[in-house]
Amino acid sequence: MEAGILLLPGLLRGLRVTLEVFVLGAMLALGLSFAVGLLRLSRFPIVRTLAAAYVEFFRGTSLLIQLFWLYYALPFFGVELSALAAGVLGLGLNYGAYGSEVVRSAIRSVPKGQWEAAIALNLSPLVRFRRVILPQAWPLMLPPFGNLLIELLKGTSLVSMITLGDMTFQAMSLRTTYARYEVPLFLLLLVLYFLIATATSAIVRRLERRARVGRSA
Amino acid sequence: MAGAPAIVDANRALQDRARAREDAAVRRPIVRFRGVKKAFGAMTVLEGIDLDLYPGEKVVVIGPSGSGKTTLARMLMTLETPSGGEIEVDGEPLFTMVRRGRRVPADERHLARVRGKIGMVFQHFNLFPHMTVLRNVTEALIHVRRIPPEEARRRTMAMLERVGMAEHADKYPAQLSGGQKQRVAIARALVMEPKVMLFDEPTSALDPELVGEVLAVIKEIAAKGDMAMLLITHEMQFAREIADRIVFIDGGKIVEQGPPEEVLLRPKSERLKAFLARFRNGMGLR
Ligand SMILES: Nc1ncnc2c1ncn2[C@@H]1O[C@H](COP(=O)(O)OP(=O)(O)OP(=O)(O)O)[C@@H](O)[C@H]1O
Ligand SMILES: [Mg+2]
């Protein structure tokens, strides 16, 4: 009881930062997922190659080192980012790379006949995509997007390494102050992350249900 | 009083000229294939197709599997690009256009304009599974023709009535039989009022007992209207009933063409004779 009163205010301050980094990072990752996923399906080979290079680079190096680069190394090249900007950018770039693969494969799994029917009806390329292809690809994207969101949430704990006061950061500093409450502290931390993850999953599942309405017999 | 005959003459002259213009328009092909070739990689599928399709004309294309019938239709629908030759629609090249006095490959705008004159019905229907029957049909009216939703809905319901699908307007494609799906697909193409309709084996993916309802709809459409039709089918009896002209393709070329009775009952080439022999049993052809 006493432990809770001592630990919670700090952790909740961290929670705000964690949620902020999570939501902004997820938005950036989603935007990049679509942008890069579509570029990977471009007619132009150079565009496809560049997009693939981005994906390989950000998947092939660790998030922590990307964050170090964005926050500690970039200033030497004249780019100064706030810790929040660096954290959001790092998470967005990293999970955007994974997400673009989700977008690409979902779009490619829409049957060719759907594109062809859309062309035969003379729908413009934009309408073809927006009203025919995307609504069929979107339900396929949701489950893997849900997984990536949880991964991204867990990834947010790394921003504590670039001075951002997220939950993990707060926990580490509370640990030095209240060494005797280490067990309740880390238990609380676990529960808080788990609650955010559960809420995220619930939202994604709801989107999935909505995307499926009326589709199957 | 004395002026009256002169006026009558002048009127007649005007009428004659109008009729002459109409005849010329009727005589000008709506679609011309001129030396059209298509190769996929090293494999040549079509080698020099010359084929004219006139307004209102119903042309049935027959030929063995792999002879390039589908490819022919797909090129006209701009789903494939010819490797050589030209396709003209309504007197205008489909795959090239003039820009600054030079003939250049067609851009999306040119394709969209010419493509608007053509509709296609696919072997596997290709309905949009996430849209109701109604939305499948209104979609292009609203987003291509820019017709207000209420009017689009009215035209759609009239068209669904015509193919006998009006009472299924709020269902999704997954809730329909194959024959019903194909009738919706026909309505979807027809509601755009194309000048040419392409049918690529519209009944060959259907259970035998569902073929009749789709053929009946196509026959009804063919009987009315000045829309030209290019129909690929293996239903020889149906071909005979519906076609103004039958075209037999084999080995990437048009081997024989003519009125149905000629082509089906008095084939000249050995290849057509051999092809038809396979249908003779039970097809009602003597
Ligand atoms: N996209 C493609 N890539 C490579 N080869 C193709 C492609 N489309 C068609 N072909 C080949 O071209 C040939 C002609 O095909 P097409 O589908 O036009 O024949 P078809 O006359 O419609 O035959 P069927 O009666 O079986 O439908 C076939 O050998 C086919 O394998
Ligand atoms: Mg075919």
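**View 1. The largest pocket.** Welcome to the largest pocket, which holds about 1,200 Å³ of space. This is a predicted model, in which local features need pLDDT of at least 70, side-chain atom pairs count only at pLDDT 80 or more, and totals for chains, interfaces and linings use all residues. Residues are numbered from 1 along each chain as its sequence is written, chains are lettered from A in the order in which they are written, and side-chain values use heavy atoms, without hydrogens and water. A pocket here is an open set of points on a 1 Å grid over the protein atoms alone where a 1.4 Å probe fits, with protein on both sides within 12 Å along at least five of seven lines; lining residues have an atom within 4 Å of a point. Its volume is the space filled by probe spheres set on the points.

Of the 28 lining residues, Leu41(A), Arg43(A), Trp115(A), Ile119(A) and Arg128(A) lie nearest the centre of the largest pocket. Helix α5(A) gives the largest share of this lining, four residues.

**View 2. The second largest pocket.** Here the volume is about 490 Å³. Among the 21 lining residues, Glu193(B), Pro194(B), Lys195(B), Asp226(B) and Met227(B) are the closest to the centre. Helix α5 (residues 149-162) of chain B contributes the most to this lining, five residues.

**View 3. Strand β8 of chain B.** Ile118(B) and Met120(B) on one side of the strand, and Gly119(B) and Val121(B) on the other, are all buried (under 20% relative accessible area, 1.4 Å probe, protein chains only). Look across from Met120(B) to find Leu198(B) in β9(B).

Key: Helix = DSSP H or I, 4+ residues; strand = E, 2+ residues; numbered from the N terminus. Buried < 20%, exposed > 50% of the residue type's maximum accessible area, 1.4 Å probe, protein only. Pairing = 2+ DSSP bridges.
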